[in-house]
Amino acid sequence: MSTAKVDLHRLARVANTMIVALTVGSFLAGLYISFWFHFLTVFFLLLTVINFFYRYVQTRHTILRNFGVIGQVRYMLESLGPELRQYLFSSDTEERPFTRVDRAEVYRKAKGIDAAVSFGSLLEYGPTEVKLRHSMYPSPQADLEPFRLTFGEERGIENCFTLTKPIIISAMSFGALGEPAIRALALGALQSGIAMNTGEGGWPKHHLEEGGDLIFQMGTAKFGVRDGEGMLDEARLRELASLPAIKMIEVKFSQGAKPGKGGLLPKEKITQEISDLRGVPMGKDVISPPYHAECRDHASTLAFIQRVQEVSGLPTGIKMCVGSLDEVGELFAEMARRDIFPDYIAIDGGEGGTGAAPKPYIDSFGMPLLPALAGVDQLLRDLGIRNRLKVLAAGKLIGAAKWVMAMCLGADAIYSARGFMFSLGCIQALHCGDNTCPVGIATHDKTLQHGLVVEEKAERVKNYVEGAVHDFEELLCSIGVTHAGALNRSHLYIPPQSILAGEAR
Amino acid sequence: MSTDPNPSPEPPAPVGRSPAVMTILWIAKLGAAVILLGAGSLKLSGDPHEIELFTTLEMEPAGRYLIGALECAAAILIVIPQSAVYGAFLGLGLMCGAIIGHLTKLGLAGIQFALLVAALCLVVLYIRRRDAPFIGNLLDR
């Protein structure tokens with residue numbers, strides 16, 4: 001006895017016959033019953049023509065050749081798949097890159113809603129999970145020392161820059177993000193007293209509008225401070241560095257989304273304004289070179305860093321995703337030998353990335369943050385130069401517990417980009433690269449930006465910072481320390497199967 | 001929602017951007033739009049000849065108003081570059097209905113206008129075929 005099942009091929013055959021039959025039927029109905037039926041005749045006639053085209057003319061799609069218009073249903077459903085999975089079918093802990101649990105925590109913080117959850121962790125408490133160790137004798141809240149981290153103090157420069165909160169908004173350029181998103185972040189940063197990285201998108205016009213502290217990022221294409229040949233234009237850098245809002249300069253060597261490859265701005269997102277601010281043509285993807293033309297080995301790299309430090313007069317850091325600790329170790333040894341140090345090094349995890357990048361780069365390049373960070377910290381200690389520069393960490397660090405873990409492994413402060421995108425209302429629609437971001441963040445489409453009200457979202461950014469910093473301070477107390485500088489690896493429970501076990505000890 | 005089965009990284013390449021093709025495109029668009037707008041406004045304004053036709057079709061007056069409004073809409077859509085293919089689709093559908101009407105109930109007098117507009121819509125569709133929904137992305141570049 002046969003069981004009920006849907007034979008899609010047969011269904012398509014029936015449908016293909018029915019379309020023709022319905023055309024004829026409608027025509028007869030129009031002829032003999034009422035002319036109104038000819039609306040259907042025309043509809044089915046056009047459908048018949050399209051179906052014929054699918055089945056016998058076009059050669060590109062097998063499914064459409066074999067199944068006709070019914071085959072389009074497959075493509076329609078497939079195109080809705082990501083939405084359906086996110087709304088209905090994915091559990092709270094299985095979405096990527098951020099689970100609903102991760103995101104909801106940021107949303108609650110941003111909206112100032114009580115963030116207590118009940119009845120146990122939804123996360124794996126398994127044999128590979130790194131956890132924080134609390135102390136039997138937590139520190140009293142009153143004993144906590146205020147967070148202070150001063151960049152440039154090692155070199156004794158005049159224009160040192162001091163962070164008073166452990167978090168910085170990571171590099172997101174105008175270009176990657178639209179104007180209202182940039183302004184909301186800049187205003188939120190100002191209101192919450194944190195700094196913001198401008199990203200490598202050229203002269204930071206919109207970042208500057210709100211008046212907060214900025215870290216100017218110089219990518220490999222040096223947008224904003226490049227000369228005609230794409231080399232550093234010192235006069236332009238000097239002019240930029242003299243702006244009161246610009247507190248530090250960051251030379252970007254690589255980023256987590258696409259280590260070993262230059263930045264990429266899809267042509268869909270290049271407006272006239274972006275083309276002007278960057279000095280690039282419209283209608284073409286903007287691909288930055290994979291390296292700084294001035295930097296071809298460790299010696300020239302350090303010379304370039306020193307040159308930027310001298311021209312700008314500001315604390316100058318570097319940002320990179322670690323490919324090989326050996327290579328980075330050689331760079332550090334060269335720093336020690338020449339006594340030239342950047343004021344900080346920001347380590348971006350290979351998992352990082354608001355940026356658009358080719359899939360192999362997003363998926364398969366770069367060391368993950370935590371082992372890279374631990375390795376860098378250890379290398380600096382081994383060379384006795386850990387006190388010569390600060391270490392920043394970036395890569396999916398969207399909550400206080402993750403910040404503390406990174407700090408236990410050597411970070412002095414934290415960069416986050418996507419955490420702040422969530423605070424602006426990002427729903428992880430994954431449309432950052434095609435100018436169709438539904439929440440108006442990573443798009444220049446005015447009709448999509450309409451929903452993003454700068455003042456409203458700046459408030460969310462501020463709430464998120466305050467909530468997460470509050471958590472951070474509570475965690476320090478529970479761990480039993482009184483300032484972030486006291487955190488170290490012993491405050492982590494690292495199970496033997498963890499990626500960190502035995503590493504960089 | 002996109003129904004593009006295989007979203008291509010390249011947007012549809014502009015088809016027929018040579019001045020000659022553009023001239024033909026605009027003649028077809030404007031020609032179709034003028035006739036559609038004329039016919040539509042006659043229907044909406046209650047022209048006696050149109051009333052007579054739609055009485056024959058037993059669609060008076062609702063059918064006359066509906067088709068008149070759709071003809072005006074098609075005329076507007078076909079002129080605007082972003083919606084030209086949709087206007088051409090709509091115009092073609094309406095003209096198919098008109099041709100059926102002339103062949104079955106109304107007699108051949110006047111069918112030439114419907115045939116002309118249908119042909120002009122096909123010209124627009126052919127030149128702007130890369131923009132057409134459901135089929136544009138399947139055509140060779």
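Two cavities of 30 Å³ or more are found in a search of the whole structure. The model is predicted, so local features need pLDDT of at least 70 and side-chain atom pairs count only at pLDDT 80 or more, whereas totals for chains, interfaces and linings use all residues; side-chain values use heavy atoms, with hydrogens and water left out. Residues are numbered from 1 along each chain as its sequence is written, and chains are lettered from A and ligands numbered from 1 in the order in which they are written.

A cavity is a set of points, on a 1 Å grid over the protein atoms alone, where a 1.4 Å probe fits but cannot get out, and lining residues have an atom within 4 Å of a point. Grid points are joined across faces, edges and corners, and a volume is the space filled by probe spheres set on the points. The second largest cavity has a volume of about 50 Å³. Its lining includes Phe174(A), Trp203(A), Lys205(A), His206(A), His207(A) and Leu277(A). Helix H7 (residues 205-209) of chain A supplies the largest share of this lining, three residues. Helices (H or I, at least four residues) and strands (E, at least two) are DSSP runs, numbered from the N terminus. By class, the lining has four nonpolar, six polar and one charged residues, where Ala, Val, Leu, Ile, Met, Phe, Trp, Tyr, Cys and Pro count as nonpolar, Asp, Glu, Lys and Arg as charged, and the others, Gly among them, as polar.

Chain A contains 17 helices and 14 strands, and its C-alpha atoms fill a box of roughly 95 × 60 × 45 Å along the principal axes. Of its 505 residues, 50% count as buried, that is, under 20% relative accessible area with a 1.4 Å probe and protein chains only. Among chain A contacts (heavy atoms within 4.5 Å) between residues at least 6 apart in sequence, 69% join residues at least 24 apart.

Thr220(A) lies in the loop between strand E6 (214-218) and helix H8 (234-241) of chain A. Thr220(A) counts as buried because its relative accessibility is 2%. The C-alpha atoms of Thr220(A) and His292(A) are separated by 4.8 Å, although the two are 72 residues apart along the chain. Residues up to four places away in sequence aside, Thr220(A) touches several residues, among them Glu200(A), Lys252(A), Gly262(A) and Pro289(A). The Thr220(A) side chain reaches the backbone oxygen of Pro289(A) at 2.5 Å.

Gln86(A), in helix H4 (residues 69-89) of chain A, is also counted as buried, at 16% relative accessibility. Its side chain is joined to that of Glu95(A) by a polar contact of 3.2 Å; such a contact is a pair of N or O atoms within 3.5 Å, where within protein one must be able to donate a hydrogen and the other to accept it, and residues adjacent in sequence count only if both atoms are side-chain atoms.

Helix H13 (residues 369-382) of chain A has 14 residues and reaches 20 Å from its first C-alpha to its last, close to the 20 Å expected at 1.5 Å a residue; the expected span is 1.5 Å times one less than the number of residues. The buried residues of H13(A) include Leu369(A), Leu373(A), Val376(A), Asp377(A) and Leu380(A). Their cover includes helix H11 (325-338), strand E11 (344-348), strand E12 (390-394) and helix H14 (400-408) of chain A.

Chain B has five helices and zero strands. Buried residues make up 42% of its 141 residues.

How values were computed:
1 Å grid on protein atoms, 1.4 Å probe; cavity = no way out; pocket = protein on both sides within 12 Å on 5 of 7 lines; lining within 4 Å.
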